[in-house]
2 protein chains.
Amino acid sequence: MSAKDLNALFNPRSIALVGVPRGLKAGKVFLLGLMDQGFKGPIYPVHPSASEIDGLKTYPRLIDVPDPVDMAIIMSPRETVMDVLEECAVKEVKAVILYTSGFSELGDEKGRKEEERMREIARRGGFRIIGPNCMGIYSPASQLAPFPEMPRVPGSVGFLSQSGSLVHLFTNMCTSKKLYFRHIVSYGNSCDVDFPELLEWMRDDDNVRIICAYLEGVREGKSLVKALKMIAGRKPLIMWKVGETDAGRRAATSHTGSLAGKPHLWKMLFRQYGIIEVSDIEELLDIVMAFYHLLLKGQGRVVIVSGPGGPAVSAADAAERSGLSMASLGEQTVKRLRGILPTTGVSLKNPIDVGMAASFDLRHYLDTLDALVQDGGVDAIVILGGGATNELTEQYVEGLVRIKKASDKAIIAVAYPGFITQEELLAPLYESGIPVYPTPKRAFRAYAKMMRFYQFQKARGIAD
Amino acid sequence: MSAKDLNALFNPRSIALVGVPRGLKAGKVFLLGLMDQGFKGPIYPVHPSASEIDGLKTYPRLIDVPDPVDMAIIMSPRETVMDVLEECAVKEVKAVILYTSGFSELGDEKGRKEEERMREIARRGGFRIIGPNCMGIYSPASQLAPFPEMPRVPGSVGFLSQSGSLVHLFTNMCTSKKLYFRHIVSYGNSCDVDFPELLEWMRDDDNVRIICAYLEGVREGKSLVKALKMIAGRKPLIMWKVGETDAGRRAATSHTGSLAGKPHLWKMLFRQYGIIEVSDIEELLDIVMAFYHLLLKGQGRVVIVSGPGGPAVSAADAAERSGLSMASLGEQTVKRLRGILPTTGVSLKNPIDVGMAASFDLRHYLDTLDALVQDGGVDAIVILGGGATNELTEQYVEGLVRIKKASDKAIIAVAYPGFITQEELLAPLYESGIPVYPTPKRAFRAYAKMMRFYQFQKARGIAD
């Protein structure tokens, strides 16, 4: 079965919502999501007794829908699911999102058997199933969304998540950072379409530049290894694998019926295939943000520019701990800095401490940055700062954007918590390819992992 | 020299600001800070040519001030500092905050020699110096603040910081979490008053319940060891020690002239004396927040309650990795949960997955929480959730507060980024002793470090 078969899942022309509730109950989010995205094809609600839901003509059963149905999103009760799937076969549906839960995640033989049967019906009927126990697909280019109020802007990130709620949470986090997705798939218990196949599909989609994943386990190891091998170094794959401890493994089993597998085997696979591993949602965001904004180039020689002196010291620690190298500044650069900065309360060595007065006189920050982007020994500049007032911070942000426009070096901003407190002031940075982190430690962790991936690519001959 | 000598530093009855600028320049923050706090005693600006600054009568030299001066805050140029200090001796000033920089942090012999001379003048004149190269003291009970717009509410946390900017940044972070300080000291190059003495002073102040510190180095090891030994287990001391790498050590030297010392020696001291080590500002805040809100009691048996299933799995991983134990629920509790929660899409095992419907029907969260606080085998409940709308989230928060009021168990909320996005909705939690973390990993890291400190206390016979 090749990844091409998944096309109907991502580009349905018509959708039936089987078991959509009339009132505001959990399953209603699918209808709200499609309406909010402005889904272009027809939507057919299916409900045993309603004749109309939210202004849409409603049918008692799927097979009562008079027109062809490409995709069925099924949220009807557990005991009706098999019958609905049989109707999907009759109706020649091509793709099914199965939201209903209560199968293999209950941990009994019955659930596993039922999921086997689902797979059989799908094979026989010639359709594919995402789920059960999942939220399905977000793909704004096809106006698909499992929740309302998700961005309508397609981006370049793909996200594969066994958890449905993470789709919602992670998208919210990313939207505030102006980071957008091409596709997200919440695939739950994965009775049919599983992680390896989805990964392959995202690898083949040229619109997807970065792939990230939240994984509890896979059904079958061999195709996982094959898929990871095919992706190795070609696109960054950032993986949050949970179920690493006994408690986590037990939780994964009751959440999606997943067998989490042995942590050391996963780690070995990650190393072998250049997969970037992360350990929580904050790190996932941090790393995706680096790949989203920065170029894979250079040797990871960093320079730190800081107004506050204390954070500069901890930034130097963080840079060295992350395995990056502190850039040696060129003579010319040091000479220029001497002309820019005051004589006391500063340090011209890397980390460059521009002094507290810089929050009042932004030239100390901006002229320094200007000098550094012209230094051939510098690949990345991490700048910790801001203005003393909101107005000055706006000017600081404008200055960073202006310098970034003229340079392809990595410029990374640290908006120290408590320094720049209004997130909306940072938007122009995200829009200009300057990622922003709350602490230097998180900035360097992200940039270092990105540079290690670049090393992996070079060793494999994928990049020069 | 005993800690009593520091009293004038924290309770001055009158203050002279030597070298205060007329316009809005960096040094002006001291005057703005005192005015903002409503400092009760007289303030005497000292400026070579102004006769009035911001409505206050201004004197050309410190010795021209006609009345007694308890504290002098000195921000006059580097080359004038020694003369001003001599004037302090003549004027019988008791405490000096020396903001001016350009001494030992420049890394030359001259700076070190000058700091020795400062110490000599202070000894001879019978006063104490904080600094040079520092922001001095924030102590709202005495209306002291080195920046405007710092809270006027005294709290129970003490903070010792070699960095002045961190005072501002960290206070901002803490204020948004309703966490307040008794005293903060930014002490820079510490030519006279150094970390050990300040630590001793905070240990002896009954109003200080928790001490945290940002440290680049100390002048002298013997008194440090003595001070740490005297604090061991008596009050939590949360220490962010920087200068742990070569790059960090170099940066510490140019920031405050500090010798950072050998990392393994610091680690040994921390272990021996029950000092809680943190590695960045986010962790510092996380740990302080745990000590601020939670009681030192119980055995660290945690239960996780989550609406989103994915985060529940990663929370179980995080709990186990942090060294805490997952509580086994009592039979009675499981029975109650069965009556509260739906039959599918949930898990009654720890981590308890209350299902996505809980964001619509808050009883699933709150009745579960109610059952858990009554389970004798549970010490701490970490709850990940929120309402589907802002109104429901408000009700969720109210419910948590109500349950917390009737229980002394640790209740820890995780406001997953992207789930509860409006920080102000969380204020009632902080006000009721419920700390809030952005991820389960950070919640467990904080609670686990707190419980390890409690173990240390028990082993030392300080707690039972």
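Me: How many salt bridges does the rule count over all chains?

Reply: This is a predicted model, in which local features need pLDDT of at least 70, side-chain atom pairs count only at pLDDT 80 or more, and totals for chains, interfaces and linings use all residues; side-chain values use heavy atoms, with hydrogens and water left out. Residues are numbered from 1 along each chain as its sequence is written, while chains are lettered from A and ligands numbered from 1 in the order in which they are written. A salt bridge is a side-chain nitrogen of Lys or Arg within 4 Å of a carboxyl oxygen of Asp or Glu. By this rule, the count over all chains is 54.

Me: What ipTM does the predictor give the complex?

Reply: Per residue, confidence is expressed as pLDDT, which runs from 0 to 100. Chain A averages 92 on that scale, and 98% of its residues score at least 70. For the complex, the predictor gives a pTM of 0.89 and an ipTM of 0.83.

Me: What is the area buried between chain B and chain A?

Reply: The size of an interface is often given as the accessible area lost when the parts come together. Buried area here is the accessible area (1.4 Å probe) that two parts lose on being put together, summed over both. Carbon and sulfur atoms give 63% of the area between chain B and chain A, which is about 4700 Å².

Me: Which three residues of chain B supply 11% of the area that it buries against chain A?

Reply: Contact means heavy atoms within 4.5 Å. The interface takes 55 residues from chain A and 56 residues from chain B. On the chain B side, the three residues that supply 11% of the buried area, more than any other three, are B:L169, B:V313 and B:D317.

Me: Which element gives the most residues to the side of chain B that touches chain A?

Reply: Helices (H or I, at least four residues) and strands (E, at least two) are DSSP runs, numbered from the N terminus. Between the two chains, four salt bridges are found. The elements giving two or more residues to the side of chain B that touches chain A are α5, α8 (246-256), α10 (281-293), α11 (309-321) and α16 (440-459) of chain B. With nine residues, the element that gives the most is α11(B).

Me: How far apart are the closest N and O atoms of B:E244 and A:R321?

Reply: A:R321 is exposed, with a relative accessible area of 51%, whereas B:E244 is buried at 9%. B:E244 lies in the loop between β12 (237-241) and α8 of chain B and A:R321 in helix α11 (residues 309-321) of chain A, so the pair joins two chains. The closest N and O atoms in this salt bridge are 3.4 Å apart.

Me: Where is B:Q162, and which backbone nitrogen does its side chain reach?

Reply: B:Q162 sits in the loop between β9 (157-161) and α5 (164-175) of chain B. B:Q162 counts as buried because its relative accessibility is 1%. Leaving out residues up to four places away in sequence, B:Q162 touches residues including B:Y187, B:Y214 and B:H255. At 2.6 Å, its side chain reaches the backbone nitrogen of B:E216.

Me: How far in space is B:G385 from B:V397, C-alpha to C-alpha?

Reply: B:G385 lies in the loop between β17 (380-384) and α14 (390-405) of chain B. B:G385 is buried, with a relative accessible area of 1%, and its contacts beyond four places in sequence are B:Y365, B:Y396, B:V414, B:F419 and B:I420. Twelve residues separate B:G385 and B:V397 in sequence, and their C-alpha distance is 9.8 Å.

Me: How many disulfides does the structure hold over all chains?

Reply: A disulfide is a pair of cysteine sulfur atoms within 2.5 Å. B:C212 is buried at 0% relative accessibility, and its sulfur is 7.1 Å from the closest cysteine sulfur, that of B:C174, which is too far for a bond. Over all chains, the number of disulfides is zero.

Technical notes: Buried means under 20% relative accessible area, exposed over 50%, partly exposed in between (1.4 Å probe, protein chains only). pLDDT is the predictor's confidence in each residue, from 0 to 100. A polar contact is a pair of N or O atoms within 3.5 Å; within protein, one must be able to donate a hydrogen and the other to accept it, and residues adjacent in sequence count only if both atoms are side-chain atoms.
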